[in-house]
Amino acid sequence: QRGETMTRRYASALAALLLAGAAGAKVKAQDYPAGSRPSQGLTLTQVAGGLDNPLYLTAPVGDRRLFVVEQPGRIRIVKDGRLLPAPFLDITDRVGSGGERGLLSVAFHPQYRTNGRFYVNYTDRHGDTRIERYTARPDADSADPSSAALVLGVEQPFANHNGGLVMFGPDGMLYVGMGDGGSAGDPFGNGQKRSTLLGKLLRLDVDRGEPYAVPPDNAFNRRGVRGERGDRGEIWALGLRNPWRFAFDRTTGLLYIADVGQNRWEEVDVAPATEAGLNYGWRTAEGAHCFLVPVCLRSGLVAPVLEYDHSQGCSITGGYVYRGSRIPAIAGHYFYSDYCNGWLRSFRYVDGAATDRRSWNVPGVGAVLSFGEDAAGELYVLSANGSVYRLDPAR
């Protein structure tokens, strides 16, 4: 499903000639130590099957239902343990799906129970990103596609690296993950350009202004901030290649970003959610390593907390910090996977470093497309085999 992988493989021979060796700041932690035994204690329980490329799962605050995004353009509901036959929302007629394109995520407004608003991120029939708002009766199992209102549109120069996640942060703002626009090697340098929304994490205030307002404390929208003409005020962070995915820790408020690499390095970045204007480095660096040149200026760039090379996988799939109640032993662990190898790993972030790194023995999940979190903080794994699994304690 993630054409990202295929694009990178075809480009790898040429790009490898340009890719420089490691230089610059040293990464704080390599990934799961070689030769270590996989951890026991977790199992995956299937809660739904027969889905068409399930790419995301979430739930409104206080809602026991699970809302699952299918890539072709549908949102399905798992209710009382059963996948409902009729979709909650069907916009397949306006979604351009295939490869890395499609309906990529949904975010429910924090006050969904009173205002019925939710937001989706998808690529349209022209391949461009659209963030749209819809409304529904909060207790209803279906929404009206005609209630769509455009919040933001972003032109995409290529078919890959769409990012695609919309999520409300702990501050009530809507965050949008945008890839660098695609192809390979960020040919337009979008990751470092402050005049484009590509290669960025955006932060929008959808409760003020129509369709949104730019928060006054955004990275390049604050008084006294030294900016340049043409800087986009929506930008919260820059230097991203293809964030798949990001998440906020419910307890600490920390922001975790899993950024897909080019030819050699996959990375996880962690930073306080309140810090605006952080630069995660792409395309100056891939992970903690200079990209294209053997020596690069890394001053001011945020180094990843964790990285792994392509001997262990090819395309990171970011998840969440576990804050549920079913498995107290893993509270505070950030879970992630890799699209190619299908393993399940986790770590705790302590004093600026990835600690207690574990690989979990949960075979048979297949290619992990995404993770999900329900209203109670329990975690789910979404597989290319069309299934949704809940993370449970092993019996």
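**Labels and their cut-offs**

Mentor: Start with Pro85, which sits in the loop between β5 (82–83) and β6 (89–90). The model is predicted, with residues numbered from 1 along each chain as its sequence is written. Local features need pLDDT of at least 70, side-chain atom pairs count only at pLDDT 80 or more, totals for chains, interfaces and linings use all residues, and side-chain values use heavy atoms, with hydrogens and water left out.

Trainee: Is Pro85 buried or exposed, and why?

Mentor: Its relative accessible area is 67%, so Pro85 is exposed. The cut-offs are under 20% for buried, over 50% for exposed and partly exposed in between (1.4 Å probe, protein chains only). Pro85 and Gly73 are 12 residues apart in sequence and 15 Å apart in space, C-alpha to C-alpha.

Trainee: Where does Asp356 lie, and what is its phi?

Mentor: Asp356 lies in strand β25 (residues 353–360). Its phi is positive, about 50 degrees, though it is not a glycine. Its relative accessible area is 32%, so Asp356 counts as partly exposed.

Trainee: Which residues does a cis peptide bond join?

Mentor: Pro211 is in the loop between β13 (200–204) and β14 (235–238). Another runs from Trp282 to Arg283, with omega near 5 degrees. Arg283 is in the loop between β18 (278–279) and β19 (285–286). Most peptide bonds are trans.

Trainee: Why do β7 and β10 count as edges?

Mentor: The open sheet has four strands in the order β7-β8-β9-β10, paired antiparallel. β7 and β10 (149–154) each have a single partner strand, so one side of each lacks a neighbour in the sheet. The twist averages 20 degrees from one strand to the next.

Trainee: How do you know that β9 and β10 pair?

Mentor: Pairing takes at least two DSSP bridges between two strands. Five bridges join β9 (residues 129–135) to β10, so they pair. Arg133 stands opposite Ala149 in β10.

Trainee: What makes a space a pocket?

Mentor: On a 1 Å grid over the protein atoms alone, a pocket is an open set of points with protein on both sides within 12 Å along at least five of seven lines; lining residues have an atom within 4 Å of a point. The largest pocket has 24 lining residues, with Val61, Met167, Phe168, Arg250 and Glu373 nearest its centre. Its volume, the space filled by probe spheres set on the points, is about 550 Å³.

Trainee: How do the residues of its lining divide by class?

Mentor: The lining of the largest pocket has 16 nonpolar, four polar and four charged residues. Ala, Val, Leu, Ile, Met, Phe, Trp, Tyr, Cys and Pro count as nonpolar, Asp, Glu, Lys and Arg as charged, and the others, Gly among them, as polar. The second largest pocket has a volume of about 360 Å³. Its lining has six nonpolar, two polar and nine charged residues.

Conventions
1 Å grid on protein atoms, 1.4 Å probe; cavity = no way out; pocket = protein on both sides within 12 Å on 5 of 7 lines; lining within 4 Å. Helix = DSSP H or I, 4+ residues; strand = E, 2+ residues; numbered from the N terminus. Axes fitted to C-alpha atoms, helices over the stretch in contact; angles between N-to-C directions.
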